[in-house]
Structure formats: structure tokens, C-alpha cells
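Welcome! Please take a look at the sequence and the structure below, and then read on for a short tour.

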Amino acid sequence: MAANHLYLVDGSGYIFRAYHRLPPLTNRHGVPAGAVYGFTTMLWKLVEDLNKPVLSDVEGAGGPTHLAVILDASSKTFRNDMYDQYKAHRPPPPEDLVPQFPLIRVATRAFSIPCIEEVGLEADDIIACYSKAALAAGWQVTIVSSDKDLMQLIEPGRLDMLDTMNNRRLGAEHVREKFGVAPEQLGDVLALMGDSVDNVPGVPGVGPKTASELIQTYGTLEAVLAAAPEIKKPKLRQNLIDHADNARLSRELVRLVCDRPLPEPLEALAMKGIPPEPLKAFLTDMGFRSLLTKLSGAEAATEAIAPRVEDAQPFVHKDYETVVTEADLDRWIEAARAAGRFAVDTETDHVDCVRAKLVGISLATQPGKACYIPLAHGDAGDDLLAEKPVQLDPALVLAKLKPLLEDPSLLKIGQNIKYDLIMFRKNGVDIAPYDDTMLLSYDLDAGLGGHGMDDLAKRHLDHACIEFKAVCGTGKAQVTFDKVPLDKATEYAAEDADVTLRLWHRLKPRLGRESATRVYELVDRPLVPVIAEMERAGILVDRAELSRLSTEFGHEITRLEGVIHTAAQGPFTIGSPKQLGEVLFDRLGAAGGRKGKSGVYSTDVTELERIGLGDDAAAEVARLALEWRQLSKLKSTYTDALQEEINSVSGRVHTSFSMAVAQTGRLSSTEPNLQNIPIRTETGRRIRQAFVAPAGYSLISADYSQIELRLAAHMADVPQLREAFANGDDIHSLTAQELFGEVNRETRGRAKTINFAILYGISSWGLAGRLGVDRTEAQAIIDRYFDRFPGVQTYIAETVAKVRELGFVTTLFGRKTHLPGAKAKTVGERQSAERQAINAPIQGTCADIIKRAMIRMPAALAEAGLTGTRMLLQVHDELVFEAPDGEVEAAKPVILRVMAGAAEPHVTLSVPLGVEIGHGPSWGAAH
DNA sequence: ATTGCGCCCTA
DNA sequence: GTAGGGCGCAATG
């Protein structure tokens with residue numbers, strides 16, 4: 001006899017998750033409806049399963065015979081009587097989610113499905129009550145939710161949970177995996193760990209891991225509390241003793257109530273099929289055209305208002321293949337050809353791609369269908385791998401893959417494909433054409449979160465990738481990927497390719513819909529091979545010179561230490577802001593002194609300079625400490641560190657440019673950061689002089705002159721500024737003349753500060769601080785600026801209006817920066833977002849323009865026959881080249897032309913782009 | 001061994 | 001007031 005199977009949908013939980021997972025759609029009335037759309041499709045799928053005996057992916061789990069949606073009726077429940085702080089700090093739901101709550105009830109009614117809520121009970125409790133009743137009647141139960149509190153109810157074979165976003169069944173094994181205990185012990189774990197969102201106190205210092213370990217060791221919460229005095233770790237022991245009451249309270253808070261009378265009898269939840277009305281009316285009203293089409297079985301709607309929701313499939317690591325035979329390799333290559341596009345990922349033995357060796361390659365041809373081709377596992381010989389595993393010959397694999405990876409009719413998809421491009425280039429393979437999911441995400445969602453694979457898998461697939469740490473270990477025990485056994489390596493590497501392919505399916509279709517195609521195709525995607533080549537080239541540094549500077553700085557630092565300790569009447573750690581502050585203010589009695597939030601005196605430059613004006617011991621220490629700070633900064637960050645960064649293979653320094661980190665579209669540089677090499681002080685500039693060209697070569701430095709101000713003049717349409725740039729006039733002098741009626745050193749300096757303040761999103765408070773005037777005076781200056789340059793005021797007003805309305809701003813090339821803070825609750829946060837909104841289009845357009853110049857540069861140099869000239873670095877508005885001495889003079893006009901014309905033809909500026917260029921034996925000399 | 005903070009280098 | 005990365009210290013595990 002087929003047992004009844006009750007499905008209980010956690011409606012409130014679902015809508016919160018759907019809201020954060022799905023795009024912010026609005027229905028045809030302009031009401032936000034993304035979460036409702038998700039909810040509707042989810043119900044649809046559940047209902048469809050009604051007539052299927054078994055869900056395809058789970059053995060024995062049938063579709064529903066009974067179904068209800070459970071909602072929270074009110075925010076106050078009996079738990080608030082127990083503990084008034086319960087859920088007290090939970091932030092209010094987002095503004096565009098609020099109108100969707102009532103629509104959930106409307107949607108449920110449209111399906112003619114019961115919708116149950118009860119005042120004073122949370123949805124979780126109602127679900128518990130129904131679960132208990134149904135189990136008692138011998139029914140199967142499935143709770144449609146992924147809420148951890150509800151996992152307490154799981155009973156093997158009788159009650160499971162369904163995560164519809166992942167299409168994943170959650171059983172006792174899931175609880176065991178996630179919390180290390182059986183479902184019936186979960187309440188004790190949850191009580192110990194607490195929940196910051198619901199404000200369940202738990203025990204301080206006890207997180208999921210410790211809670212799980214304690215319950216695993218002692219069995220129950222009471223047993224843990226009883227054994228507390230014997231626990232070894234002193235802090236944990238004390239916390240358990242001190243907060244035993246909180247733990248018991250938490251236990252009651254997480255306990256689900258299951259003994260209340262049912263609002264509706266079980267039989268009232270029977271599925272009787274879905275009448276076409278009122279469902280059809282609901283779908284029409286909401287404008288869910290694709291679902292409407294499904295319902296009426298008519299022709300496909302030409303343009304559905306909602307995106308097609310990809311059927312989420314679980315990640316099954318055991319299905320990934322390890323390819324070690326030629327026949328298997330051929331089969332995968334054939335599958336990739338047949339698919340027309342596939343994801344590819346390389347595994348290496350080093351993050352540094354100059355030294356890295358290719359260890360393996362993974363491919364994914366369909367979601368869930370991926371393989372790993374190991375090439376060099378166990379080559380080094382080691383303990384983990386007793387003997388070198390059987391693998392295909394790397395040369396053979398590369399020879400077979402080359403036609404595939406270079407086939408112009410096949411799209412290669414990578415996540416941060418710059419790395420793979422470099423690795424394959426080193427092995428004689430030039431991947432083309434390609435897509436990069438990291439850059440797709442960056443161009444769609446900059447400002448909404450990270451763009452690394454783990455971030456994206458979490459955000460779009462609700463999937464936690466296997467951690468690299470879990471495969472290769474961490475710290476001293478860390479091994480390189482070639483030491484990893486093939487089965488583990490396959491799970492990790494193939495998953496990467498699988499995730500990448502699935503992400504591409506989610507992201508690529510959005511590009512056109514969300515107007516990101518232009519910046520992706522015109523700016524970021526074509527930049528990848530250019531940057532790859534710059535990183536591969538690296539720059540030469542004079543190790544001996546850096547070493548000399550290190551020694552020199554070191555001696556001076558030692559000398560200063562002696563003098564400082566004498567003046568301070570005793571030794572202390574000068575590098576510790578805490579100790580320096582205490583010496584200056586408490587021991588030597590310096591006046592003033594402001595403490596930060598961690599209770600430490602501020603000892604930053606402004607503070608030390610202020611103290612240094614005096615003539616007592618504190619002033620002397622402050623002045624000397626400034627010198628000490630400068631030298632130790634230069635030594636530790638530059639002269640010492642840069643020597644370590646010289647690559648043992650190339651003898652040069654290879655930075656890594658991150659293409660998807662900065663919110664505005666800029667690049668960033670790491671390991672080492674070559675975008676913050678000193679230039680402002682004479683001592684600092686000596687470090688720039690250690691960046692050199694090899695014998696017979698020179699370095700060329702070309703930078704845009706005041707590009708951000710020029711772009712502001714164009715974007716805000718300020719005639720005086722535009723003319724001044726066209727005539728080559730001094731822009732700060734002009735501003736001084738307009739604002740103060742006369743130009744001298746002082747007014748020009750103030751005008752310069754104000755011009756920068758505009759670019760950074762002006763505030764009277766901030767400008768006041770910079771100019772050393774009071775707020776009223778700063779505001780008066782701003783008013784005068786707006787009066788003289790009304791276009792600036794309009795630009796700011798329009799930009800702020802735009803970010804408030806749309807939540808993002810755009811550059812002239814269409815690059816978006818999302819600023820969710822513009823809709824934040826606090827004024828401070830909103831104002832901060834507004835300043836970012838004012839700056840991002842300017843800074844971002846500058847980034848777009850120099851990127852366009854970089855993309856065109858290699859071909860322009862090649863066309864001019866300059867085969868020896870290479871672009872090495874980008875520093876936001878500057879490009880650094882290395883050129884044979886014989887090519888320098890010919891290269892300069894090419895570089896100038898490309899940079900000055902970089903916006904054209906896609907963007908036409910009303911101001912010229914000025915470029916300054918110089919060359920010399922070192923970077924310092926080229927300026 | 002990892003993490004947050006204060007500080008400071010760049011455009 | 002914008003955008004970044006990295007160092008040493010001091011407090012965690």
C-alpha cells in the first residue's frame with residue numbers, strides 16, 4: 001500500500017533564501033517579485049511530482065499526497081516570553097522583500113494549496129506539530145526547507161528534508177556531516193553554539209565545531225554541563241560553568257513545539273490536483289509568462305519576464321572521471337567537441353605561474369559531467385604516493401588537446417582564465433576563444449560580493465566547493481597538488497571545472513539582459529592575454545642596489561632606536577602603536593591624545609607631527625619616531641621584501657594583477673604590489689630607481705595627466721574646465737581664480753584640494769578637515785564651487801538620484817558598480833555609498849580608458865615594427881614599458897597616440913587626454 | 001598558525 | 001571625502 005506522504009513547505013524560510021538568490025525582478029506592476037517567482041516555480045515543481053512515483057534523484061522518496069505551505073503569522077511568539085531578546089537584533093527585512101510577503105499567500109492560494117499560520121507560533125513549530133501527527137499516523141514526511149533548526153526533526157526512513165534550491169534531500173547523514181551528531185542530538189549542539197541572527201545566546205567562545213565535539217564526547221547538553229569542571233581548556237571550562245544557564249535557556253529556545261492542536265486536520269491537506277483557476281489569473285496578473293505558457297500549453301512566450309531557472313543538479317563527486325587512458329581522453333575530447341563549449345581548468349604545483357609546472361587538466365562538458373587528466377602526480381617521489389600513479393604522457397595529452405583548445409569554433413570557459421592562459425602558453429597552446437566566469441561576474445555584479453570560484457559557487461549554486469586546504473593541507477603540512485592522490489585530486493579538480501561550467505550557464509545569459517556586454521567584450525575580456533603577457537614578462541630590479549638600501553636603512557633605524565630609547569628614558573617597541581602612544585602620552589606627558597575604538601592612542605602622522613612641534617622629550621621622540629617609521633616602512637615593505645620577490649627562474653619580479661577585485665574596475669597588484677612603489681619623498685624615490693632596464697634597454701613611463709579631473713569636466717559638462725584643458729591651462733589656477741578671485745600659492749593649493757574633494761564625493765566635514773577651516777566655511781566654499789561650476793552640482797545630484805533608484809552607477813563604457821549601501825538604514829552608510837557613487841564613474845571610466853589603451857598597445861607596437869618593446873606595468877594612470885635603446889624614440893609617439901586616443905571610437909570625450917612620457921635607465925629616472 | 005588593528009605606501 | 005595592498009604587533013586558537 002502506498003503510504004501517504006506529507007510535504008510541509010517552510011514558506012518564510014524559502015522566500016528569504018529566494019530573495020537573496022534570485023535577481024531583483026519586478027512584475028508588470030513594478031512590484032518586486034523575484035522571490036515570489038522563485039516560490040511559484042518551486043511549488044510548481046512539487047506539484048508536478050505529485051504523479052511521479054519516485055523522484056529521480058532519491059530512492060524511495062515519492063512526491064506529495066498531502067501538501068501545505070507554513071508561514072509565520074506574527075513576529076512575537078512564546079519564545080519572546082521566555083527570553084525578551086529572542087530575535088531582538090534581527091534586522092528588518094529588505095525593503096523590496098516586504099511587499100512580497102503577502103504575495104506568497106496569494107501564490108499559495110492560487111495553487112489551491114492550504115496555507116497555514118498560527119498566531120504565537122513560528123512556522124518551525126507548526127511544521128513540528130504536523131510532522132509529529134503525520135508520523136504518528138504512519139505517514140512519510142518531507143519538510144521543504146534547509147533550516148538547521150528543522151533538521152532536529154529528521155528521522156531516517158520516515159522524515160527527511162528537501163532543499164529545492166539544490167534539489168537535494170537532507171537526511172540524518174547530512175546532519176551527521178554538518179554537525180557530527182544524530183538529528184536527535186542536534187538541539188543540544190544548537191543550544192551550545194547559539195545563533196547570532198536569532199539572538200540565541202549559546203555559550204561564548206563555543207561555535208559549531210566546539211559544540212559538535214562536546215556533544216560527540218559527552219552525548220547530551222546536560223552531560224556536557226555536568227562534566228564542565230573536568231574540561232582541560234581553561235577558557236572553555238570557565239565559559240561552560242559561567243554560562244550554563246544561558247545554555248539551558250538556549251536549549252529551550254531551539255526546542256520545537258510539537259504538542260499544539262493542528263489548525264487544520266491532516267486530511268485537509270490532501271492534494272486534489274490544481275484547478276486552472278485561480279492559478280491562471282494569478283500568473284497573468286503577476287506577468288509570469290513562461291509559467292502561463294506552461295499552464296496553457298500554448299506556444300512559447302517570446303519574452304518571459306522571468307529568467308529560466310536552470311534545473312539545479314546536485315554535485316556528485318563520485319561521478320567525476322580520472323582520465324588515464326588514451327581511449328578515455330579521446331572520448332572526452334569528442335564530448336567537448338560535440339558540446340561546442342566546455343570548461344577547462346589547470347592544476348599546478350605553484351601559485352606563481354612563472355615557476356609553476358602543469359600537474360593536471362580538468363574538463364567539464366555538461367553540468368555534472370567532468371573529468372580530471374592527471375599529468376605529473378608523484379613526479380617528485382614522496383611518502384603520500386607510494387608509487388607514481390599511472391598517467392598519460394603529458395606531451396601526448398597536450399598534443400591531443402591543442403587542436404581542441406585552439407579550435408575557433410569551440411568556446412573554452414575558465415574561472416580566472418588568465419592563469420590557465422599562461423600555463424597553456426608555456427606549453428605551446430594558445431587558448432581561443434575563451435570566456436571567463438570571474439570576469440562575467442565582475443562585469444555583472446561588481447559591488448555585490450567577491451568573484452572567486454568559492455564566492456560564486458556559494459552565491460549562484462548554493463554549493464560549497466571542496467577547499468584547497470582539505471586537499472593539500474595547510475601551513476607546514478601543506479603539499480603541492482602533484483602530491484595529492486588521484487581520487488582526491490579528481491574530486492577537487494573536476495569539481496572546479498564543473499562549477500565553472502555551471503556558473504557560465506548562470507552568468508552568460510545575463511550579460512545582454514543587464515547591459516554588461518559592452519564592458520565585457522570591449523574592455524575586460526580582451527585584456528586578459530595582455531595582462532597575462534605583462535605578468536609573464538616581469539620587471540628587472542637591481543638586487544644589489546636594494547640590498548645596499550636595506551643595509552643603509554637598517555643602520556639608520558638602529559641609530560634612531562638608540563636615540564629614541566634614550567629620549568624616552570627606557571626601551572620599548574617603537575613599531576608598536578600601543579607602546580609608542582603610552583610612552584608619548586603617559587610617560588612623557590604629551591598633550592592631547594585621542595584614543596581609537598580599541599583604546600589605543602592614535603600615533604599616526606598628523607598626531608606625531610603635532611606633538612613634534614613642541615620642544616620637550618615627547619616632541620623629540622615624536623620627530624624621531626616619524627623618521628624611524630618612514631625608514632622601517634621602506635625597508636620592510638620594499639627594500640627587503642622586493643629582494644625576496646625576485647623570481648629564481650627569470651631573475652625578475654612578476655607581480656600578479658587582479659582583474660576582479662576593485663569595485664570600480666581598476667586593476668590591483670599583489671605579490672608584490674607594484675602599484676604602490678614610493679615616489680613622493682626623496683628617500684622613497686631611491687626605491688623606484690632600483691627598478692631598472694637590462695643592458696641595452698630603457699624603461700619608458702607614460703602617464704595620463706590629470707585624467708580624472710578631465711573626465712569629471714567631461715561628465716559633469718563644465719565649460720570653463722573643458723576649455724582650460726583644451727588650451728592646456730593650469731586647472732588648479734583656474735579653479736583658484738573662480739573661487740577666490742586671485743591666484744597665488746595658497747589659493748592654488750586650496751583649489752587643488754577642493755578639486756580632489758569633488759572627485760572623492762565632497763562633504764563639508766571632510767573638506768573642512770583637509771583645509772583646516774570650520775564646517776561652515778567649507779560649506780561656503782563648496783557652495784561657491786557649485787555656483788561657478790553648476791554642471792558639477794547637477795552631476796552629483798543626478799548620480800546620487802541614480803544610485804538611490806537603481807542601486808548602481810555606470811562608467812562611460814557601461815561598467816556598473818553596485819552600491820547596495822545606498823539603500824542602507826543608517827545615514828552614515830548611505831552617505832558613504834553616495835560618495836562612492838560620485839567617484840566610481842570617474843575612477844571607473846579612467847580604468848576603462850587605460851585598459852582600452854593596454855588592449856591596443858601590443859598590436860600598435862608590432863605594426864610600428866617595435867618588436868622589442870614590451871609593456872610591463874600599469875599603475876592606474878601610468879604604463880611602464882621596457883624598450884631596446886634603439887626603439888625608444890620610435891615607441892614614444894606610438895604609446896602617446898594609443899593612450900590619447902584610447903576612448904575612441906566607442907566614447908567621444910569633450911576634453912583632450914593629455915599624456916606625459918619619459919624614459920631612462922630606471923623607473924625613477926623615466927619620470 | 002591565523003586574525004584584527006593601526007599605520008602607511010600608491011593613484 | 002575615492003580606490004587599493006602589505007607590514008608588524010598583539011591577541012587569538
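One place to begin is Q579: an N or O atom in its side chain is 2.9 Å from a phosphate oxygen of DNA strand C, a polar contact (a pair of N or O atoms within 3.5 Å). This is a predicted model, in which local features need pLDDT of at least 70 and side-chain atom pairs count only at pLDDT 80 or more, while totals for chains, interfaces and linings use all residues. Residues are numbered from 1 along each chain as its sequence is written, chains are lettered from A and ligands numbered from 1 in the order in which they are written, and side-chain values use heavy atoms, with hydrogens and water left out.

**Around DNA strand C**
- The side chain of N673 has an N or O atom 2.8 Å from a sugar or linking oxygen of DNA strand C.
- In total, 28 residues surround DNA strand C, each with a heavy atom within 4 Å of it.

- Helices α16 (residues 417-426) and α21 (residues 517-537) pack at about 60°, with axes 9 Å apart; axes are lines fitted to C-alpha atoms over the stretch in contact, and angles run from 0 to 180 degrees between N-to-C directions.
- On the α16 side, the contact (heavy atoms within 4.5 Å) includes I417 and L421.

Methods
Polar contact = N/O pair within 3.5 Å; in protein donor to acceptor, adjacent residues only side chain to side chain. Helix = DSSP H or I, 4+ residues; strand = E, 2+ residues; numbered from the N terminus.
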